[in-house]
Amino acid sequence: GLAPERYAEQARGERAAHCDQGGGRIRFSANTPDAALQPGAQDRLSVSLQLGGLIAAAPERYPPGRTISLQTAGVRDAEAWHWDVLADEALPIDGREVPCVKLVRQPRRDYDTRVELWLARPYAYLPARLRVTQANGDSVDQWLRTLPPP
């Protein structure tokens, strides 16, 4: 799987998480205590690609109703994110209906985000859509516009 080295966010200055694969630690620039790096750990960006890789390797292991847990590092913490596998949904992309696995990470506590991810089955589980919804209802919704060649 993927083995991230560094994850950063820029908002009034940069904050980062550094994954020390050899030392088994995640170090944070925000003066947060280090976290133990668990096997398969990802950052908030690479997690969508790693989920696609896991499902592509063994789709029969991830039917609707299954939960996938992965340690996911942000710039201040590295917690387990639990992804519920839902029924497939077809998304209209590039003039075609593309069957996708839908995964949802529910908010873990008050003021946390809900994350929905659609992975395109016929395209090696490429992330096709990502929607992040804040506790106040604001959301960011990213869609794949153009499909890769067959």
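**The largest pocket**

Mentor: E1, H1, E7, E9, strand E10 (126-133) and strand E11 (139-143) each supply at least two residues of the lining of the largest pocket. Helices (H or I, at least four residues) and strands (E, at least two) are DSSP runs, numbered from the N terminus. E10 gives the most to this lining, with 5 residues.

This is a predicted model, where local features need pLDDT of at least 70, side-chain atom pairs count only at pLDDT 80 or more, and totals for chains, interfaces and linings use all residues. Residues are numbered from 1 along each chain as its sequence is written, and side-chain values use heavy atoms, with hydrogens and water left out.

Now the terms. On a 1 Å grid over the protein atoms alone, a pocket is an open set of points where a 1.4 Å probe fits, with protein on both sides within 12 Å along at least five of seven lines. Lining residues have an atom within 4 Å of a point.

The largest pocket holds about 720 Å³ of space. Its lining has 27 residues, and the closest to the centre are Arg-44, Trp-81, Val-115, Leu-130 and Val-132. By class, the lining has 15 nonpolar, 4 polar and 8 charged residues. Asp, Glu, Lys and Arg count as charged; Ala, Val, Leu, Ile, Met, Phe, Trp, Tyr, Cys and Pro count as nonpolar; the others, Gly among them, are polar.

Val-115 is in contact (heavy atoms within 4.5 Å) with Trp-83. Trp-83 also touches Val-47, Leu-51 and Leu-117, among others.

Terms used:
Grid points are joined across faces, edges and corners, and a volume is the space filled by probe spheres set on the points. Lists of a residue's contacts leave out its neighbours within four places in sequence.
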